[in-house]
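Here is a short report for a reader new to this structure. Look at the sequence and the model, then read on.

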Amino acid sequence: MEESINYPDTAQNNLKIRDCACSSTYSYSHMVESFNKVLDYKARLRNSLEAKLKSMGKAVNGCMDNLEILIRNIEVYDQNLDKVSNNLDNLNSKEISIKNKYEELLNGNTRESKNLEPCPEDITKDQKGPREVLIKRRQNYIETLGKSFGHLDNELFSIEKLKSELIFAKDEISEKKVKAERKICVLKESGKRLLENVKDIEVELESSVKEEEILISELKSITEKIDYNMEISGEIEDILSTCLASIESQGSSENNLISAG
């Protein structure tokens, strides 16, 4: 009896290479799965950071717009305060002038007081007249003097009223200016924090994107190498095709036998 031919090396290599191929396939699948998970995380992180930057950008722009509005408001407040101060100065000057006239009128030293005195001809004429004429002159003098004082009183009252209104307006404008200045300080501090946060996020985003690009490049390189090495010769394709056809044929025959049995 002839001795059977054994191929121990072939049998061993057959099992070994299949185990190695399965192991490599598992390692490759595990590696690709890891890359996919990390790249998916990097994509979500990038989108999240970009959304935060966009939101913060709007917040910074809103902060700058509010600052510009407050600065313009303060400029208007300053202009109004200057106008109020000028008006108060004018009223004070007018008030001093009227009080001087008032004092002069009290002392009989003003032009108005002299205008109240009758002319010398009237004095000479009235001195020859009855006492009633002197009384009438006195009454006219007192009446005219009272009207002059009344006119000055009205002017002083109007000035005091206007000054009171201007001082009230000045206080209101000053209070608004102080509030605006406080808001500016708050907005500047808030804007400073926002810009710091923007800078931190930009640094984080840049670092993450660099890592993402490195991973993309590495996975691309690995995939290209595997695709290149997976190319097989025509001879191997023929062997695989022939064997697969035989396997399918045998499988069909076995199934038919099982069905017949």
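Leu244 lies in helix H5, residues 234-260. Helices here are DSSP runs of H or I with at least four residues, strands are runs of E with at least two, and both are numbered from the N terminus. The model is predicted: local features need pLDDT of at least 70, side-chain atom pairs count only at pLDDT 80 or more, and totals for chains, interfaces and linings use all residues. Residues are numbered from 1 along each chain as its sequence is written, and side-chain values use heavy atoms, with hydrogens and water left out.

Leu244 also belongs to a nonpolar surface patch of about 540 Å². Nonpolar side chains (Val, Leu, Ile, Met, Phe, Trp, Tyr) are joined within 5 Å, like charges within 9 Å. Areas come from the Shrake-Rupley method with a 1.4 Å probe; for residues, only the protein chains shown count as cover.

## Helix H1

Helix H1 covers residues 8-107 and holds Met31. H1 has 100 residues and reaches 145 Å from first C-alpha to last. That is close to the 148 Å expected at 1.5 Å a residue, taken as 1.5 Å times one less than the number of residues. Just after H1, Gly108 takes a positive phi of about 70°.

## The whole chain

The protein chain has 5 helices and 0 strands.

Definitions and conventions:
Patch = residues over 30% accessible without salt bridge, like charges linked within 9 Å, V, L, I, M, F, W, Y side chains within 5 Å. Salt bridge = Lys/Arg side-chain N within 4 Å of Asp/Glu carboxyl O.
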